Amino acid sequence: MKHIQINELQAAPIDKLKTLLEKWGSHYNIVNKILAQSITAGIFQHDFDCRLLDAYAKLNKLAEARKVFELMPSPDVSSWTSLQNLYLKCKQPMKTLVVFSALLLSDFVKPDSHSVVAALSACARRKDLRNGSIIHGMTYKYLQKPRPSVHNALIDMYGKNGRVDLAQRVFGSINFKDVAIWTSLLNGYLLNGDVESAKAVFDDMPQRNVVSWTTMIVGYVRNKNPIEALELFTRMRHADSGEDCTPTTVTVVAVLSACADIGALNLGSSIHGHIIKRIGFGLDITVNNGLIDMYGKSGNLDSALKLFDSMRRKDLFSWTTMISGLAINGRGKYALMVFDSMVASGSVPNEVTFLSVLLACTHAGLVAEGEKIFENFVNRYHMKPKIEHFGCMVDLFVRAGCLEKALLLIERMPMKPDAIIWRSLLGACLEHGDLGLAEVAGKKVLELEPDDDAVYILLWSIYRSKNRWGEALKAMKTMRDRRIKKTPGCSWIEVNGVVHEFLAESSRHYVRDSIAIVLDGVIEHSKLDTGLFFVE
């Protein structure tokens, strides 16, 4: 069939070439032949050249699209925009701005809403506030009535550049606000960590779609508010907004991440069932990766491994997530086996994979294996360890009691150790009674984070264990003088699919009376059975 159609190119008129391009435009080789024939026959002309450019753009063939564009005697604005969008699609936002700059200098055409949106999107991706602001000014010069898509792109650009105040100003100047514009402002606040303002925008929205709901849910998860994310997901499933609010893969992965963060295994499992029965995402690799992460962090390794083994195709994140799940559950040797299988399959580990493997060695006390993996990371894969990798190695050494090795590695690090590394060394010194090294580590932590309540408490414990009460009291006095309070502990419990949060020292009225009565009963039984004294 293809052969017959290609033969027809030999003497095809322009109308025939257009028909063939429309039918076979998704086949790269045939599009090349159509281009060659149009040039040879001298019928490479406006309208047809635009279609060729569009065909190459859809095939993501950047070089060929650029060649067609340069052959055009006078490309129209849609051709300029197609090239801009292709550069965006190929993750070259700077080239998008170069094309837009050339468009501005063109004698034939001027920018329209679509080309301006492409340029603003490039500024958003590059975090280029300067050029974004200049293009904002140009919109009033070239566009008498900017489309809603232009306002949306402006809000998005300012939000991603950390100027949500300017995004709000643009939002306030718009008479017609569609759901996309509301969602862009919502996302801008979330990207800048202002969850309260984002929630206010979300509550004020006159209409919501699945993108709006998902944006807010993802924002809660990224800003460490998993319970709010799950509550909102429940609202979303029961929403009657007149729009299709069926969860997407992005929604499901975000919700599974929230379940993983608080160990809500029952809720995560019910979502798994919902995925299989109603949504049809059972074969989606991203959703399966989210499920493996949720099961791994909830301690249900059997379900995680069963799902992992059933996956026909595994990407790098699948392997890394499974290794991480095994690591945090103390299955270090099994994690190394999975890592070896991953390498044997041809997958190339990245920095996150190595961090997960080192974590597995740390939790299982596999010092020799961890040292070998760290060496391969540097010498075999030619990657530069980041501070997280050094931190993992330090933690591996101190957990095994190799304090001298840990200190030597800290001294040889190419970057300045952070508070996490010194805190890890401090904790190990407490366990092994090395008071001298503990004081050094403690002082380093306080230099970097002078308000860290945990460090003062650790130092107090060390001094107390050595009967150095004067220094112990001094540590507590410093903590009081700086008005540093101990951060209350936090825990979650899932009952009948509902997640309850508890904070140490929280007031009784924050929990239901029935739960409080049960907790009081547990404490009383503990006192009777063990004779423990609870000190307030």
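Visitor: Where does Ala264 lie?

Guide: Ala264 lies in the loop between α16 and α17 (265–279). Helices (H or I, at least four residues) and strands (E, at least two) are DSSP runs, numbered from the N terminus. A word on the source: this is a predicted model, in which local features need pLDDT of at least 70 and side-chain atom pairs count only at pLDDT 80 or more, while totals for chains, interfaces and linings use all residues. Residues are numbered from 1 along each chain as its sequence is written, and side-chain values use heavy atoms, with hydrogens and water left out.

Visitor: Is Ala264 buried or exposed?

Guide: Buried means under 20% relative accessible area, exposed over 50%, and partly exposed in between (1.4 Å probe, protein chains only). Ala264 counts as buried because its relative accessibility is 1%. Ala264 is also 34 residues from Ser298 in sequence, yet their C-alpha atoms are 7.0 Å apart in space.

Visitor: How many helices and strands does the protein have?

Guide: There are 30 helices and 2 strands. Of the 536 residues, 44% count as buried. Contact means heavy atoms within 4.5 Å. Among contacts between residues at least 6 apart in sequence, 57% join residues at least 24 apart.

Visitor: What span should α22 have?

Guide: The expected span is 1.5 Å times one less than the number of residues. For the 14 residues of α22 that gives 20 Å, and the end C-alpha atoms are 20 Å apart, so the two agree.

Visitor: Which helices do the buried residues of α26 pack against?

Guide: They pack against α24, α25 (403–412), α27 (435–448) and α28 (453–465). Those buried residues are Ala419, Ile421, Trp422, Ser424, Leu425, Leu426, Ala428 and Cys429. Gly433 follows α26, and its phi is positive, near 75°.

Visitor: Which residues other than glycine have a positive phi?

Guide: One of them is Asn60, with a phi of about 60°. Asn60 lies in the loop between α4 (48–58) and α5 (62–71), and its relative accessible area of 38% makes it partly exposed. Another case is His382, with phi near 55°. His382 sits in the loop between α23 and α24 and is exposed, at 65% relative accessible area.

Visitor: What does Asp128 touch?

Guide: Not counting residues up to four places away in sequence, Asp128 touches Leu97, Cys123 and Asn161. Asp128 is in the loop between α8 (113–126) and α9 (129–142), and it is buried, with a relative accessible area of 10%. The side chains of Asp128 and Arg126 are joined by a polar contact of 2.8 Å. A polar contact is a pair of N or O atoms within 3.5 Å; within protein, one must be able to donate a hydrogen and the other to accept it, and residues adjacent in sequence count only if both atoms are side-chain atoms.

Visitor: And what is Thr183 in contact with?

Guide: Leaving aside neighbours within four places in sequence, Thr183 is in contact with Met205, Val211, Ser212 and Thr215. Thr183 belongs to helix α12 (residues 179–191) and counts as buried, at 9% relative accessibility. The C-alpha atoms of Thr183 and Met216 are separated by 8.9 Å, though the two residues are 33 apart along the chain.
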